[in-house]
Amino acid sequence: MALHYEGCEMSRFDGRVAIITGAAQGMGEATARLFAAEGATVVITDVLEEKGRALAADIGGDAVFRGLDVSDEASWAAVVAFAVERFGRVDVLVNNAGMLQFSSVEGLDVDATRTLLGVNLLGPMMGAKHVVPVMKAAGKGVIVNISSVDGLRGVNGLSAYTASKWALRGLTKTQALELGPSGIRVCSVHPGGVDTALGNPFGREGDELQANYQNVPLRRIGLPEEVARVTAFVASDDASYMNGAELAVDGGWSAGTYYPGLPGTPS
Ligand SMILES: NC(=O)c1ccc[n+]([C@@H]2O[C@H](COP(=O)([O-])OP(=O)(O)OC[C@H]3O[C@@H](n4cnc5c(N)ncnc54)[C@H](O)[C@@H]3O)[C@@H](O)[C@H]2O)c1
């Protein structure tokens, strides 16, 4: 029976198997909980083994944890083989794992940037490489790439991260073109300002936290569950004609810039 997720009674993922990366905490955790609540068998993957196992146990049912470093191809091959052997299918891949790196343009750390690109860009590419043959054999599947508001516009101090998230958005378009004819949909979700370890690394709360989000039209940080619900929509049959689309879940952050003195600029 589907677990309940804050009053959720739907079961859009009954009989479906989803692999979610970076799912031990944050948005990945919220996504795993929601998918399971809606009937999915969730393969929770992460490099954080203890947290991931605890989450799988807490979700219960068929939820299972597997260690996966998304920057390691052998690790991908093993997780997809496990899912196929144990559950016989993979209907959804959510490429959620990601990392952040602050740097000025001239302060570039090349090795750290290679590591970041391995996780944020090559990770989703390798995931698709390994999961697509399984989806093609089934004649259907969905890949959701978790990009960022920083994949929709530039941001200072985050050149490697921003480049990786724009690249993931571009990758999504190419995959949508290549895989659509096989019945596989690929879309990108672009969260912006979400209260997780990555989005709120100093664990700020209340006014101190919201102060950093006063330039977001909704004037607050987002919650992991608010992104998870959009990811679930994209992955479900409710979005059956959506392919190659990019969905901003950012309180309007990427919508534009307030021009001082013009009507509508918040005081
Ligand atoms: N929080 C935000 O404000 C925000 C905004 C835009 C986009 N995002 C994106 O959302 C996704 C989820 O981030 P989050 O905010 O939940 O942060 P988070 O730090 O809570 O979660 C990221 C997860 O990815 C995992 N991870 C990191 N490197 C990995 C690797 N090599 N292999 C496997 N797993 C790995 C971490 O262990 C962690 O569990 C990321 O891709 C992030 O870039 C977050």
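Are Arg12 and Glu38 buried or exposed?

Modeller: Keep in mind that this is a predicted model. Arg12 and Glu38 are both buried. They form a salt bridge, with the closest N and O atoms 2.8 Å apart. Arg12 sits in the segment before β1 (17-20) and Glu38 in the loop between α1 (26-37) and β2, so the pair ties together parts that are 26 residues apart in sequence. Asp238 comes in here too: Arg12, Glu38 and Asp238 are linked in a network of salt bridges.

For the setting, look at the sheet. It is open, has seven strands in the order β3-β2-β1-β4-β5-β6-β7, and pairs in parallel. Its edge strands are β3 (64-67) and β7 (246-249), each pairing on one side only. On average, neighbouring strands are turned by 20° against each other, direction ignored.

Lys173 belongs to helix α5 (residues 159-179) and Glu246 to strand β7, which puts them 73 residues apart and links distant parts of the chain. Lys173 counts as partly exposed at 30% relative accessibility, and Glu246 is partly exposed as well, at 31%.

Now try helix α4 (residues 110-138), which lies across β4, β5 and β6 (184-191). Asp111 and Arg114 both lie in this helix, three residues apart, or about one turn. Their side chains form a salt bridge at 3.7 Å, N to O, and both residues are exposed. Over the whole structure, a search finds 15 salt bridges.

Notes. Residues numbered from 1 in each chain as written. Predicted model: local features only at pLDDT ≥ 70, side-chain atom pairs only at ≥ 80, totals over all residues. Heavy atoms only, no water. Pairing = 2+ DSSP bridges. Helix = DSSP H or I, 4+ residues; strand = E, 2+ residues; numbered from the N terminus. Axes fitted to C-alpha atoms, helices over the stretch in contact; angles between N-to-C directions. Contact = heavy atoms within 4.5 Å. Salt bridge = Lys/Arg side-chain N within 4 Å of Asp/Glu carboxyl O. Buried < 20%, exposed > 50% of the residue type's maximum accessible area, 1.4 Å probe, protein only.
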